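Have the sequence and the model open as you read.

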Amino acid sequence: MITGNSIVNNLASFAFDDIDDLIQTLKKQGISPIDFGIGDPKEATPEFIRKVAKESIDSNASRGYPIYNGTVEYRYAIAKWTKKRFNVTLDPEKEICAGLGAKEIIFNLPNAFIEPGDYVIIPNPGYPPYLKGTLFARGIPYFINLERSNNFLPDFNSIPQNVLTKTKIIWLNYPNNPTGATATLDFYRATVEFARKHNILVVSDECYSELYFGEENRPHSILEITKEGVLCVNSMSKRSCMTGWRIGWICGDEKLISITKKLKTNIDSGIPYFIQDAAIAALGDEKHVEEQRTKLMMKRNLIVEAFKKSGMEDCSPNGTFYLWQRLPEKIKGLDLCKKLLDPKYAIVMSPGAWLAETVNGSNPSEHYVRMALVPSLEECKVASEKIIQAIAKP
Ligand SMILES: Cc1ncc(COP(=O)(O)O)c(C=O)c1O
């Protein structure tokens, strides 16, 4: 009998079943819940971006396989945007490589840098491909819990020496999914110093860099500190409502980019030209991103207010489109999620515990829920009322 390998076989299936059952029950009753579960924007990709894509299909009718690392035009557009946004100069020929979205880049990256048995430092809670990519590359994950008391920043001093000596990669993600925290330049500086001392590659997933609440929370890039020993991942998905298009990039240290390019040419055959052209158009416009941020701010304020009115902490995120709501000790995230799936409320959110690994018997996110602020403003208004009603009811 042919079976999957040990890595596939050992992949934990999510404990989504309870919640899925409740959602299905609602649907059978003809109720469609307001869904704050998955971080997939419901808004359409702006029309000017779609228009460029349509035209590009015709102009690239007989162009064949796309260039592996991204077209020159796409890489120049990324360099121009990075200069404008972070005042960082990137060489489009040597310091940028295109990818089929941040997920593809993140999952595959460890294959280019680690040997079996090397450690990879992963934030907990965190985006699952940091872990899955490590496992498939036969690496060992070492989780660092993101604690509210430390502004959801990892404390690298907690890593034991025997792990440090075999560590190859540190993953960072700010603005952070799911906590909504942002990182200061001082934090990036300290991380770079620490990583240099221990000869570790830092990879900073900045795919939410354009989703932030107010100019005072405008995120920095780790590239503002240095390119040396550092790679940075970004994506069109969140900035321009392009999750369905599958396009992103990785940039930074020239030597490290040349290593990722070697890997890349063996994985896929590039991103379709019309998608790259659409991304170039999107990168050249900030207006649609500003509009998105304005809408997001209104949604965030509504939901944060609802929790505050219900006597819960103000957990306003600095960035991303997630609200990471902390609950009192007596309430578990999973219980609140189940309660909100009562037909009276019909609201889907994710229990925090599902987004974190249980390490040494403890899960850092048990008393949290995550809400992806992707439903419409109208739906957020309805949801905010229902949250208040649900929490008020014992
Ligand atoms: C932290 C983080 N990184 C990367 C991604 C993947 O983004 P993309 O759509 O570019 O693959 C996500 C998607 O939700 C994410 O939350």
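The structure holds three cavities of 30 Å³ or more. Here a cavity is a set of points on a 1 Å grid, laid over the protein atoms alone, where a 1.4 Å probe fits but cannot get out. Its volume is the space filled by probe spheres set on the points, with grid points joined across faces, edges and corners. Keep in mind that this is a predicted model: local features need pLDDT of at least 70, side-chain atom pairs count only at pLDDT 80 or more, and totals for chains, interfaces and linings use all residues. Residues are numbered from 1 along each chain as its sequence is written, and side-chain values use heavy atoms, with hydrogens and water left out.

Start with the largest cavity, which has about 90 Å³ of space. Its lining (residues with an atom within 4 Å of a point) includes Cys97, Glu104, Asn108, Ile250 and Lys264. Two or more lining residues come from each of strand 2 (96-99), helix 5 (102-108) and helix 10 (254-264). Helices (H or I, at least four residues) and strands (E, at least two) are DSSP runs, numbered from the N terminus.

Next comes the second largest cavity, at about 70 Å³. Among the residues lining it are Pro41, Lys42, Glu43, Phe321 and Val374.

Now move to helix 13, residues 333-340, where Gly333, Leu336, Cys337 and Leu340 are buried (under 20% relative accessible area, with a 1.4 Å probe and protein chains only). These four sit on the same side of helix 13 because they cover an arc of only 100° around the axis, taken from the directions from the helix axis to the C-beta atoms.

Terms used
On a 1 Å grid over the protein atoms alone, a cavity is a set of points where a 1.4 Å probe fits but cannot get out, and a pocket is an open set with protein on both sides within 12 Å along at least five of seven lines; lining residues have an atom within 4 Å of a point. Buried means under 20% relative accessible area, exposed over 50%, partly exposed in between (1.4 Å probe, protein chains only).
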